[in-house]
Amino acid sequence: MSPTLPWPLPNHLALRDELIAAWSTQRGYHDVQHLAEVLDALHRLAAGDDIELLLAAWFHDAVYDGQPEAEERSALLAEARLADVAGVDAGEVARLVRVTVDHRPASGDRRGELLVDADLHILASGPERYAEYVAGVRQEYAAVSDADFRAGRAAVLSDLLGKQNLFHTAVGQALWERSARANLVRELAELRGTGP
């Protein structure tokens, strides 16, 4: 079964196909399934009709190669590919892509909050999908030793758990906060050797 990928620019199907190709590499977690899940999460957050937000989802990990500043290169790609598309604010799409660098949108940045919540909703997945997600992330860092990966992953999880709320929207908090925190706490305990 192929994922559902709503595309907001019916007159620009070549661009859609270019992005699908970019997402279709064997890169671990940040693949077409992730894109489909982010788009679905935006729909669940009642944001599935916002063209710039949908395009930001499409572009947010279009460049993902394990190198520094992948989000910035994704934002630059969005600016370049959308510059001449009528009715689209390419600068806003790029700005939203950049919000995914640290997943900390500015207070009152409704679009940023929605994109970040959709991007992080994977943290609230059921056990099987969460395990697939973790394995996919590990695949992306295959060149990193197990010890270094555990230390880096533990730091990321600790940072996330240090936030008052993982999700910024009321809907995101209601749908995903509790189960996401439980998954993060469990994974962190496993990484530290104190979990099941």
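Reader: Which helices do the buried residues of α1 pack against?

Author: The buried residues of α1 pack against α2, α3 and α4 (70–82). Contact here means heavy atoms within 4.5 Å. The model is predicted, so local features need pLDDT of at least 70 and side-chain atom pairs count only at pLDDT 80 or more, while totals for chains, interfaces and linings use all residues. Residues are numbered from 1 along each chain as its sequence is written, and side-chain values use heavy atoms, with hydrogens and water left out.

Reader: Which residues of helix α1 are buried?

Author: Buried means under 20% relative accessible area, exposed means over 50%, and partly exposed lies in between (1.4 Å probe, protein chains only). Helices are DSSP runs (H or I, at least four residues), numbered from the N terminus. In α1, residues 13–23, the buried ones are L15, L19 and W23. These three lie on the same side of α1, because they cover an arc of only 75° around the axis. The arc is that of the directions from the helix axis to the C-beta atoms.

Reader: How are two packed helices described?

Author: They are described by the angle between their axes and the distance between the axes. Axes are lines fitted to C-alpha atoms, for helices over the stretch in contact, and angles run from 0 to 180 degrees between N-to-C directions. Take α2 (residues 32–44) and α3 (residues 51–59): they pack at an angle of about 160°, and their axes are 9 Å apart. That makes α2 roughly antiparallel to α3. Angles under 35 degrees count as roughly parallel, over 145 as roughly antiparallel, 65 to 115 as roughly perpendicular and the rest as oblique.

Reader: Which residues of α2 and α3 meet?

Author: From α2 come L35, V38, L39 and L42, and they meet L53, L54, A57 and W58 of α3. By class, this contact has eight nonpolar, no polar and no charged residues. Ala, Val, Leu, Ile, Met, Phe, Trp, Tyr, Cys and Pro count as nonpolar, Asp, Glu, Lys and Arg as charged, and the others, Gly among them, as polar.

Reader: Where is G48, and is G48 buried or partly exposed?

Author: G48 sits in the loop between α2 and α3. With a relative accessible area of 27%, G48 is partly exposed. Not counting residues up to four places away in sequence, G48 touches L42, H43 and L54. G48 and P6 are 42 residues apart in sequence, and their C-alpha atoms are 8.7 Å apart in space.

Reader: At roughly what angle do the axes of α3 and α6 cross?

Author: The axes of α3 and α6 (residues 110–120) cross at roughly 40° and come within 10 Å. The two helices are therefore oblique to each other. In this contact E52, L53, A56 and A57 of α3 meet R111, L114 and L115 of α6. Those residues divide into five nonpolar, no polar and two charged.

Reader: How far apart are the axes of α8 and α9?

Author: The axes of α8 (residues 146–161) and α9 (residues 170–191) are 10 Å apart, and the helices pack at an angle of about 150°. That makes α8 roughly antiparallel to α9. By class, the contact of α8 with α9 has eight nonpolar, one polar and four charged residues.

Reader: How many residues of α5 are buried?

Author: In α5 (residues 90–99), seven of the 10 residues are buried, so this helix is mostly covered. The buried residues are A90, E92, V93, A94, L96, V97 and V99. They pack against α3, α4 and α6.
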